[in-house]
Amino acid sequence: MVTAKARAVNGSKESFQATEITRRELDTNDVLIEIKFAGICHSDIHTAHGDWGEVNYPLVPGHEIAGIVTDVGEKVTKYKVGDRVGVGCMVDSCGDCKNCREGEEQYCLKGNVPTYAGVDKYGEPTQGGYSTHIVVVEDFVLSIPENIGLDEAAPLLCAGITTFSPLNHWNAGPGKKVAVVGLGGLGHMAVKIAHAMGADVTVLSQTLNKKEDGLQFGASSYYATSDPDTFTELAGTFDLIINTVSAKIDMNAYLSLLTLNGTLVNVGAPAEPLEINAFSLIPHRRSFAGSMIGGIRETQEMLNFCAEHKIAPSIEVISADEIDRAYERVMASDVKYRFVIDISTM
Ligand code: NAP
Ligand code: ZN
């Protein structure tokens with residue numbers, strides 16, 4: 001058993017505290033990872049605050065994990081000590097259902113095992129990446145390409161794959177007009193990836209404050225959604241809209257921006273229901289869809305794609321003592337564009 005230093009919250013309104021957790025003894029196919037960096041995803045905040053329902057505390061969030069392999073179980077074949085690796089939002093699944101067999105483990109029919117706030121196959125609660133070590137079965141460990149720094153790799157494990165997967169599935173590419181709603185952690189990755197796929201990208205942000213950054217990330221246009229003219233000017237424009245907003249927004253207004261057969265994919269996960277009028281979808285055969293992270297094979301594809309296209313998130317590295325402050329800033333949409341915890345400061 002390995003004792004790991006960690007940062008945990010003890011309740012929905014509590015601040016982070018230093019603590020110690022234990023990681024299980026290596027099973028035959030397990031990998032022990034010394035975590036170097038962990039990204040802060042808005043989902044960590046929703047979970048820690050109990051937005052999505054009750055959670056068991058103490059809770060150690062973190063599902064954007066990058067580190068180094070320090071030990072392997074006796075039957076591990078994919079990794080060896082010293083390898084640069086990552087772990088994302090899930091650490092196991094049944095491996096046997098239709099969806100798992102198709103490489104869509106995130107949609108495991110028996111439910112995947114989330115990296116934190118879940119229960120593993122041993123009946124133990126899972127704890128995430130705001131910690132110095134983690135033990136994960138090798139099939140849920142990703143290989144980080146050499147030309148991506150571990151600090152920049154971390155956010156790819158959730159923000160990267162959550163945007164790559166729908167862009168890939170709905171064929172973002174040359175000739176396609178893609179809009180990204182919200183320029184935060186997920187949104188800025190969506191812009192970079194969609195641009196690298198060859199799509200024409202527009203950012204729809206609350207204000208024009210981050211316009212220069214958005215254009216530099218690869219967008220060709222940038223609009224403020226606080227300006228009602230935006231919705232008149234862009235009506236019927238986009239083939240694909242990726243909504244990354246963490247709060248409830250008026251979906252009908254955004255659906256009106258889709259072209260004939262266009263799709264709005266919602267990846268943002270506010271607790272409140274999103275209301276959709278039938279007449280936002282019917283007239284132009286529009287679709288409203290959702291998407292959750294991506295499978296393990298696709299996550300590796302995404303990492304390789306980012307390495308090949310030299311795409312990395314724009315990050316602000318913080319120490320473990322700065323997590324509470326970072327949460328406040330993310331909630332105030334004051335993030336440029338992902339906070340990453342330097343785990344050596346634990
Ligand atoms: P984030 O960094 O906080 O970005 C969200 C962005 O949404 C903000 O930067 C802001 O962009 C915009 N926004 C926030 N509040 C808003 C409001 N009231 N009205 C309009 N726009 C608002 O969060 P994130 O880490 O990217 O995560 C975004 C959402 O995706 C969260 O709900 C998270 O739980 C969810 N998520 C889903 C999956 C999945 O698998 N589907 C995976 C990861 C995360 P501007 O300042 O540009 O307006
Ligand atoms: Zn996440």
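Is Cys 158 buried or exposed? At 5% relative accessibility, Cys 158 is buried, where buried means under 20% relative accessible area, exposed over 50% and partly exposed in between (1.4 Å probe, protein chains only).

The model is predicted: local features need pLDDT of at least 70, side-chain atom pairs count only at pLDDT 80 or more, and totals for chains, interfaces and linings use all residues. Residues are numbered from 1 along each chain as its sequence is written, chains are lettered from A and ligands numbered from 1 in the order in which they are written, and side-chain values use heavy atoms, with hydrogens and water left out.

**Zinc site**

Cys 158 (SG) coordinates the zinc ion (ligand 2) together with Cys 41 (SG) and His 63 (NE2), at 2.0 to 2.2 Å. Donors are N, O and S atoms within 2.8 Å of the metal (3.2 Å for Na, K and Ca); water is not among the atoms, so sites may look incomplete. The spacing of the donor residues in sequence is C-x21-H-x94-C. Helices (H or I, at least four residues) and strands (E, at least two) are DSSP runs, numbered from the N terminus. His 63 is also buried, with 7% relative accessibility.

**Ligand 1**

The shell around ligand 1 holds 30 residues, of which His 42, Leu 183, Ser 205, Lys 210 and Arg 338 come nearest; a residue is near if one of its heavy atoms lies within 4 Å. Helix 1 gives the largest share of this shell, 3 residues. Domain 1 (2-143 + 314-345) and domain 2 (160-290) both contribute to the shell, so ligand 1 lies between them. The domain bounds come from an automatic or database domain assignment.

The table lists polar contacts, that is, pairs of N or O atoms within 3.5 Å; within protein, one must be able to donate a hydrogen and the other to accept it, and residues adjacent in sequence count only if both atoms are side-chain atoms.

| Residue | Part in contact | Distance to an oxygen atom of ligand 1 |
|---|---|---|
| His 46 | side chain, N or O atom | 2.8 Å |
| Lys 210 | side chain, N or O atom | 2.7 Å |
| Ala 269 | backbone, polar atom | 2.9 Å |

**Thr 115**

Thr 115 sits in the loop between strand 7 (113-114) and strand 8 (133-137). Thr 115 is buried at 2% relative accessibility, and its side chain reaches the backbone oxygen of Gly 88 at 2.5 Å.
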